[in-house]
Structures are given as C-alpha cells and as structure tokens.
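Dear colleague,

Please find the structure below, together with its sequence.

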Amino acid sequence: MMLTWLAPTPLFGVVDASPQDIQLSADQVLSLRFFGSPTADLFTKELDKSFQGVLEKSFYAQAHDGFPAGFVSASLPGFPWAGTMWSRDGGTFMRELVMRGYYQHAALLAECLMHLVKKNQNGFYSFPEYFKGSEPGSGDEMDGTTSIVIGMVLLWEHLPDTDPAKKDVQQFLFEDASPLNEIQFELKTQPLVAGSGEFGCGLGVQGLCYNVAQNNLVRLALLAAARMAVESGDDARAEGYRHLAARVSDAMNKYLVGEDGAWIWCIDIKTMKPDPLVLSANGNKGIGSINGVASMYADVLGLQPLASSWTKDFEHSEKTFLQLYNTPLRKAEFDRYGIWTQFDLLAGGLLSSPSYGQGYAIQTMLLSDNMTMAEKALSWLVNATYEPVPEYKLHRDSRYYFYERTYSPDALGKIPLEEGCGALNLVNVSEPLKISRLMLGVDDHTLQEVDVIPRIPPGWAGVEAHNWPIRTRAGIVRANILYQKHDDGAEFTLTLLPGEQIDDLKIRMPSKGGFTWREAKNTGSVHFVTH
C-alpha cells in the first residue's frame with residue numbers, strides 16, 4: 001500500500017483555520033515508497049511516520065505558548081533541549097522541507113529564523129547554537145549559520161518569483177549584514193573560519209577551532225550563494241563567492257589533511273596544527289561527524305562526487321571513511337551487526353545515531369556507490385529503529401519514530417542505555433529523510449539538466465515516488481517515478497503532469513559491467529529498460 005505524507009492539521013488544539021493554516025495547506029501531498037524486502041517496507045513506514053510526527057508534534061504552524069510561527073523544537077516535551085531550535089537542525093530540516101516540496105512550511109521556518117537572529121559584535125547576522133522559544137540571539141555557530149544559508153538558497157531556488165518569502169530570503173542573504181558577509185569578514189584575516197560547539201573543537205570541548213566539517217559547510221554555502229547570485233543576475237557577486245570558496249578549499253587541503261590523506265577533524269586556530277589532546281577527547285576520537293564532509297556534498301553540488309571536479313576532496317573523504325571503518329571495534333561491530341559506531345571512546349564505542357553516526361556513514365556509502373555496505377547499514381538503521389535491544393527502554397508514541405541514540409547489543413551490561421534527546425529529535429529525522437532522497441536519486445541542483453541516479457540496495461527491488469518535485473528551467477514540475485531492478489538490469493518510468501516537461505533528462509541505469517546513461521530532451525514521459 002502506498003503511504004502518503006499529508007500536510008499537517010492545525011496544531012495545539014486550533015480548530016478555526018487561520019490564513020497561516022491555509023497557506024501551509026498549499027504544500028502539495030507526495031509519497032515515497034521503497035519495496036522488495038521487509039526492510040524496504042519498514043523504512044518506508046519509518047520515514048512517513050517520523051516526518052509526519054515532526055510536523056504534528058514539533059512544528060509550530062502558528063505562534064503559540066511563547067513560540068513563534070515556524071519554530072521547530074529540537075526534541076519532544078520531557079526530553080533534553082525540548083523547546084529549543086538548534087541552528088544546525090533548523091537548517092537541515094529546512095533543506096528536507098524544500099526538497100520534498102513543502103515550500104510554505106520551509107518559508108515559515110526561514111522567516112522565523114530571520115526574525116530571531118540578531119547581529120553579532122561585528123555587525124553581522126550570525127546564528128547561535130540554538131534559540132529558546134521566541135528569544136532572539138546571535139553567536140558563532142558557523143555550522144548552524146551555513147546550514148541555514150544553504151537551506152535558504154534551496155528555498156529561494158524553488159519558490160516562484162511571486163512568493164514574498166523569496167524576496168525576504170534574497171534581501172537577508174545579500175544585505176550588508178548578511179551571514180555571507182560575516183564569512184567574507186572572517187576570511188579577510190584568516191585562512192579558514194573558526195567556530196565553536198560540536199562542529200568546532202568538538203563535542204564537549206570549549207573554545208574556537210578550525211573544523212573540517214564546518215569549513216566544508218562554509219565552502220558549500222558560498223557556492224550555493226554564488227549559484228543564487230547568477231540566477232538573480234549578479235555575476236560579480238557570484239564570482240566573489242566562488243573566489244572565497246576556492247580559498248577555503250585550498251586552505252582545507254593545506255591544513256586539514258593528514259599525512260595519510262584523510263581529513264583532520266579540527267586544528268588549533270593559532271598553531272594551525274592538530275591538538276592531540278583535543279582530537280583524543282572522548283567526544284572526538286573516531287567521531288562519525290567527519291563523514292559529514294562527504295555527505296554534505298550532496299546538499300549543494302549534486303549526487304555524483306566521483307564524477308566531478310571535486311574528486312580530489314572526495315578522495316580525502318573516502319580515506320577518512322576507510323580509516324574509521326578499519327578501527328578494530330567499529331569494524332567488528334559493523335561486520336557483526338551493521339551498526340556504524342559514532343565514537344571510539346564515548347559510550348564505550350557502542351553507540352550510534354541516525355544522524356552523525358549511522359546517517360552520515362550511509363550517505364557516504366551511497367554517494368560512493370558502495371551498495372553492499374549501504375544495505376547492511378540501512379538494515380541496522382531500519383531494524384534498530386523499530387526494534388531496539390529489549391533492555392533499552394524508549395518512550396515514544398510509535399515504534400516507527402527515529403530516535404537519537406541506537407546501541408549495539410554488545411552494550412548490554414557495559415554502559416547505561418540512555419535515551420538522550422529521544423524520539424523525533426529533529427536532526428535524527430532530517431538525515432534519514434535525506435538518505436531516502438539519495439536513494440531515489442533526483443539531482444536537480446543545476447538548471448542545465450536533471451539527472452536521476454537511483455541507488456537501491458542489492459536485496460531491495462526498487463523505489464516509487466508520486467508527485468515528486470523537480471526543479472527545471474521553467475519552474476517546478478511534479479513527477480511520478482518508478483524504478484525497478486531486474487536480475488540483468490532495470491526499468492525506469494517517469495511521467496509528468498500534462499503540459500509539463502523536462503528539457504534535458506538523464507537517467508543512470510545499471511547494465512552489464514557497470515552503468516549506462518539514458519537521455520531524453522523536451523519530454524514529459526520516459527520509459528527505459530536496460531539488460
């Protein structure tokens with residue numbers, strides 16, 4: 001049975017439809033289904049229930065009880081960080097709202113963030129680690145700031161010119177006090193951008209550091225903004241952003257790559273060298289968040305890192321991935337269960353999460369076309385979500401809800417099985433949603449062409465999407481997509497609404513000895529079969 005993602009009903013007991021409710025109801029219904037195995041069916045249900053759960057329980061459609069409209073709580077009531085919206089989480093959830101066509105929800109979230117953020121001591125809008133209710137703030141959480149910039153650019157690209165939120169986003173991102181100008185300001189005196197928090201010096205480590213994942217987000221935000229500048233007719237601004245992005249890239253390769261060719265998590269801002277005490281901290285050693293350098297590629301640069309000008313950087317990411325995998329405990333745990341542990345030391349090296357641990361690892365596997373590992377890791381994520389180890393007591397309304405902390409069966413009796421932020425923790429819903437998008441494989445990051453690169457595990461049969469939004473030169477079109485694997489190839493069908501078309505469409509299909517590309521021009525319907 002097809003599971004459908006419905007627009008949310010009015011929240012918090014509001015019965016009468018307000019203009020805001022009517023606006024949000026304009027977001028079109030879509031569906032996404034994986035099939036061909038019990039794990040595929042279960043993953044479909046988890047995605048559906050968790051996404052809908054956030055919209056119903058954590059997304060404030062209207063201002064209520066001290067929270068502004070568009071606010072999204074990091075956690076449910078009773079759990080740590082309930083009533084707060086972390087900048088990083090807000091950016092990633094905005095990204096997923098946009099890419100699923102929930103444009104009015106994303107616009108409401110963007111407006112909320114623009115109204116809450118204050119200028120920092122340098123006179124620029126820079127986001128704090130988190131917002132608490134309607135209390136404004138600013139800070140140096142550059143990973144959160146850049147994630148929000150990326151989400152806003154994606155929103156701007158997908159909104160029609162007549163939508164007032166599009167004008168608001170462009171004004172915010174291109175004004176003198178823009179977060180982008182904060183980046184430019186920082187790069188006038190230093191080769192990289194320093195940041196604090198979990199993506200600064202790392203989990204539980206105070207101070208400012210040059211972090212590889214954070215600076216990669218800086219680079220991606222600049223490249224996204226350059227794309228936006230080109231589309232708005234400001235080539236000089238675009239060239240400036242591209243120049244800054246290239247400088248960050250050069251500095252990352254100079255300072256944040258180890259002798260083994262893998263990324264270094266962070267370096268000291270004074271010595272420009274890694275600090276062994278920082279890197280060996282409980283929350284940093286073996287940290288899975290470093291796989292975010294690879295996985296974040298897809299947020300701006302598309303779904304084919306191995307076939308792009310950024311291949312060298314992705315090679316650093318692949319070496320990092322293998323370095324983590326070959327850590328004895330992590331390798332043993334993954335080979336035995338499919339869990340990608342998030343730390344070497346913290347929680348005894350026996351914990352993961354759907355976001356920075358398991359989630360980033362699966363995204364890296366998918367982008368690397370490492371489908372054998374991806375299937376094993378997906379099976380762990382899906383089954384641990386529905387049926388965690390029996391001794392782990394979770395408090396949630398649905399067994400289909402993603403939750404923050406998954407534990408290996410080997411953790412029993414060795415470490416406390418703590419819930420942490422619990423079910424529907426925002427970033428731990430966002431990243432599985434992104435995994436599902438990578439598997440469907442619609443890549444519309446450029447207006448030059450639309451590519452579709454399905455990535456379906458060997459033991460699954462395929463994926464089906466209805467009313468999926470695709471960005472084209474003529475605007476957003478809605479596609480019904482069916483991709484089915486066969487023993488010796490695959491079958492792909494895409495159909496648009498009458499009168500809609502994609503100018504340049506390319507589909508990557510499996511064939512003997514690898515992949516083949518099928519192409520169509522000025523089409524509203526295609527059907528391809530490979531053997």
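Not counting residues up to four places away in sequence, T84 touches F71, V72, S73, A74, Y130, F131 and K132, where contact means heavy atoms within 4.5 Å. T84 lies in strand β2 (residues 84-86); helices (H or I, at least four residues) and strands (E, at least two) are DSSP runs, numbered from the N terminus. At 4% relative accessibility, T84 counts as buried (buried is under 20% relative accessible area, exposed over 50%, partly exposed in between, with a 1.4 Å probe and protein chains only).

This is a predicted model, in which local features need pLDDT of at least 70 and side-chain atom pairs count only at pLDDT 80 or more, while totals for chains, interfaces and linings use all residues. Residues are numbered from 1 along each chain as its sequence is written, and side-chain values use heavy atoms, with hydrogens and water left out.

A polar atom of the T84 side chain lies 2.6 Å from the backbone oxygen of W81. W81 itself sits in the loop between α2 (38-57) and β2 and is partly exposed, with a relative accessible area of 38%. Although W81 is not a glycine, its phi is positive, at about 70°. M272 likewise is not a glycine and has a positive phi, of about 60°. M272 belongs to the loop between β5 (266-268) and α10 (276-279), and at 15% relative accessibility it counts as buried.

L187 is part of helix α7 (residues 179-187) and is buried, with a relative accessible area of 2%. Leaving aside neighbours within four places in sequence, L187 is in contact with L192, V193, L244, R247 and V248. From C-alpha to C-alpha, L187 and P128 are 20 Å apart in space, and they are 59 residues apart in sequence.

Turning to the cavities, a search of the whole structure finds six of 30 Å³ or more. A cavity is a set of points, on a 1 Å grid over the protein atoms alone, where a 1.4 Å probe fits but cannot get out; lining residues have an atom within 4 Å of a point. The largest cavity has a volume of about 150 Å³, a volume being the space filled by probe spheres set on the points, which are joined across faces, edges and corners. Of the 17 residues that line the largest cavity, M99, A298, D299, D444 and H445 are the closest to its centre. At least two lining residues come from each of α3 (87-99), α5 (142-158), α12 (297-300) and β8 (442-443).

Yours sincerely

Note on methods. Polar contact = N/O pair within 3.5 Å; in protein donor to acceptor, adjacent residues only side chain to side chain. 1 Å grid on protein atoms, 1.4 Å probe; cavity = no way out; pocket = protein on both sides within 12 Å on 5 of 7 lines; lining within 4 Å.
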